[in-house]
Amino acid sequence: NEPGVAEAVEDAKRYLEGLLPTTLSTYQPPLEAFCRANCSENVGACLVVGDARLARAAPFPMRSPSEALISEDTYWNSARMDRDIARRVASLAGPKVDLSMIDMCFDETAARLSE
């Protein structure tokens with residue numbers, strides 16, 4: 001992790017735990033890859049916002065569509081992963097907590113990729 005990411009993640013997690021009905025989960029590899037590729041200026045904030053969005057799809061928000069055909073690692077490292085994350089977030093029902101005070105990159109990228 002680059003300097004400051006771990007601290008930013010912990011600060012944001014403490015803040016969000018008061019806003020969200022679920023406990024933030026451990027970041028999954030595809031979310032980290034999404035943030036590094038699309039929000040490189042603030043990876044830590046992207047991880048927190050993305051994890052908060054995907055927590056509503058727990059416990060396995062980004063499972064391989066069919067592990068009998070494609071392994072989870074292969075799926076997570078595929079070219080389609082960013083768009084699948086964006087579509088998964090867009091498909092979640094219910095009110096969305098305003099996380100703009102943390103960062104907008106994850107939400108803006110997910111909205112653009114889900115179109």
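Modeller: The largest nonpolar core has 24 residues, and those with the most contacts inside it are L31, F34, C35, C46, I85 and F106. A nonpolar core here is a set of buried Ala, Val, Leu, Ile, Met, Phe, Trp, Tyr and Cys residues joined through side-chain atoms within 4.5 Å. Buried means under 20% relative accessible area, exposed means over 50%, and partly exposed lies in between, with a 1.4 Å probe and protein chains only. At least two residues of this core come from each of α2, α3, α4 (72-76), α5 (81-91) and α6. Helix α3 gives the largest share, eight residues. Helices (H or I, at least four residues) and strands (E, at least two) are DSSP runs, numbered from the N terminus.

Before going further, a note on the source: this is a predicted model, in which local features need pLDDT of at least 70, side-chain atom pairs count only at pLDDT 80 or more, and totals for chains, interfaces and linings use all residues. Residues are numbered from 1 along each chain as its sequence is written, and side-chain values use heavy atoms, with hydrogens and water left out.

Helix α3 has 13 residues and reaches 18 Å from its first C-alpha to its last, close to the 18 Å expected at 1.5 Å a residue. That expected span is 1.5 Å times one less than the number of residues in the helix. Because 13 of the 13 residues of α3 are buried, the helix is largely enclosed by the rest of the structure.

Contact means heavy atoms within 4.5 Å. C46 also forms a disulfide with C35, with the sulfur atoms 2.1 Å apart. A disulfide is a pair of cysteine sulfur atoms within 2.5 Å. This pair links distant parts of the chain, 11 residues apart: C35 is in helix α2 (residues 29-38) and C46 in helix α3 (residues 43-55). Both C35 and C46 are buried. The torsion about their S-S bond is about -75 degrees, so the disulfide is left-handed.

By the same rule the count is two disulfides. The other joins C39 to C105, S to S 2.0 Å. Here too distant parts of the chain are linked, 66 residues apart, with C39 in the loop between α2 and α3 and C105 in helix α6 (residues 105-113). The link of C39 and C105 is left-handed, with -90 degrees about the S-S bond, and both cysteines are buried. With the bonded cysteines of the chain numbered in sequence order, the pairing is 1-3, 2-4.

In helix α2 lies L31, which counts as buried because its relative accessibility is 3%. L31 touches L47, G50, D51, L54, I85 and F106, again leaving aside residues up to four places away in sequence. Between L31 and I85 there are 7.7 Å in space, C-alpha to C-alpha, although they are 54 residues apart in sequence.

Finally, R53 lies in helix α3 and is buried, with a relative accessible area of 5%. Its neighbours by contact, not counting residues up to four places away in sequence, are V89, L92, K96, V97, L99, F106 and D107. The side chain of R53 makes a polar contact with the side chain of D107 at 2.8 Å. A polar contact is a pair of N or O atoms within 3.5 Å; within protein, one must be able to donate a hydrogen and the other to accept it, and residues adjacent in sequence count only if both atoms are side-chain atoms.
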